[in-house]
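Reader: I would like a close look at a single part of this model, taken slowly and with its surroundings.

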Amino acid sequence: MPRITREEKARNRQNIVEAAGRMFRAQGIDAVGIADLMKEAGLTHGGFYNHFASKDDLAAEVCNASFAASLGVLRQAVEEGDVPAGPPLRRVVEDYLSAEHRDTPDGGCPSASLVIDAGRHTEEVQRSYAAGVEGYLAGFAGEFAREGEGGEVAPEEARERAVLLLSRMVGAMVLARAVRHVEPELSDEILRTCRAHALD
């Protein structure tokens, strides 16, 4: 068999990470088998271990990649600054706590979709998840400090507000997803209420 190029190997690895990101977020890490994952990635089952030492190794990389993408959205909102749609954190809250985000658990931020899985897996997975959480907290705290420039928001207060905001957002999304099929009105109410008050 011909050897694949370095570029093809990198592309195959990226395909695995992207497929795992979708499948892990939608189904949970433990529910996804290697064979199904590799099929989704368009590759053969046997090739998995050419790229990753274990499924937990892959799960840690998925956490890193998924949080990097989500934190990129936060960075972009901060860089755009205040626009007619509102200040950066208001726009982030509106987007995160939207019905669209709720209804696409295989995409979007891993903070809500992998929250339970992260706690059940290896320290490597937990470290990757924790790094993503810290990324959000740093971004939120920095923006709270910037928004309060005239009102002197101390770093400790900005950090506390960031922890509250992320906890409200993730908790609301987890609850809204948990009841959306059987109590859609309740799911909508959770999102609507938390969108209105997440920044209080």
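Which residues does serine 70 touch, not counting residues up to four places away in sequence?

Author: Please keep in mind throughout that this is a predicted model. Leaving aside residues up to four places away in sequence, serine 70 touches Gly108, Cys109, Pro110 and Tyr136. Serine 70 itself has its place in helix α3, and it counts as buried because its relative accessibility is 9%, where the cut-off for buried is under 20%.

One of these contacts, Cys109, also belongs to the lining of the second largest pocket, where Cys109, together with Val73, Asp95, Tyr96 and His101, lies nearest the centre among 17 lining residues. Two or more residues of that lining come from each of α3 (55-80), α4 (88-96) and α5 (99-102), and α3, the helix that holds serine 70, gives the most, with 5 residues. The pocket has a volume of about 300 Å³, and its lining divides into 9 nonpolar, 5 polar and 3 charged residues.

In soluble globular proteins, nonpolar side chains tend to be buried together.

Technical notes: Residues are numbered from 1 along each chain as its sequence is written. This is a predicted model: local features need pLDDT of at least 70, side-chain atom pairs count only at pLDDT 80 or more; totals for chains, interfaces and linings use all residues. Side-chain values use heavy atoms; hydrogens and water are left out. On a 1 Å grid over the protein atoms alone, a cavity is a set of points where a 1.4 Å probe fits but cannot get out, and a pocket is an open set with protein on both sides within 12 Å along at least five of seven lines; lining residues have an atom within 4 Å of a point. Grid points are joined across faces, edges and corners, and a volume is the space filled by probe spheres set on the points. Helices (H or I, at least four residues) and strands (E, at least two) are DSSP runs, numbered from the N terminus. Ala, Val, Leu, Ile, Met, Phe, Trp, Tyr, Cys and Pro count as nonpolar, Asp, Glu, Lys and Arg as charged, and the others, Gly among them, as polar. Buried means under 20% relative accessible area, exposed over 50%, partly exposed in between (1.4 Å probe, protein chains only). Contact means heavy atoms within 4.5 Å.
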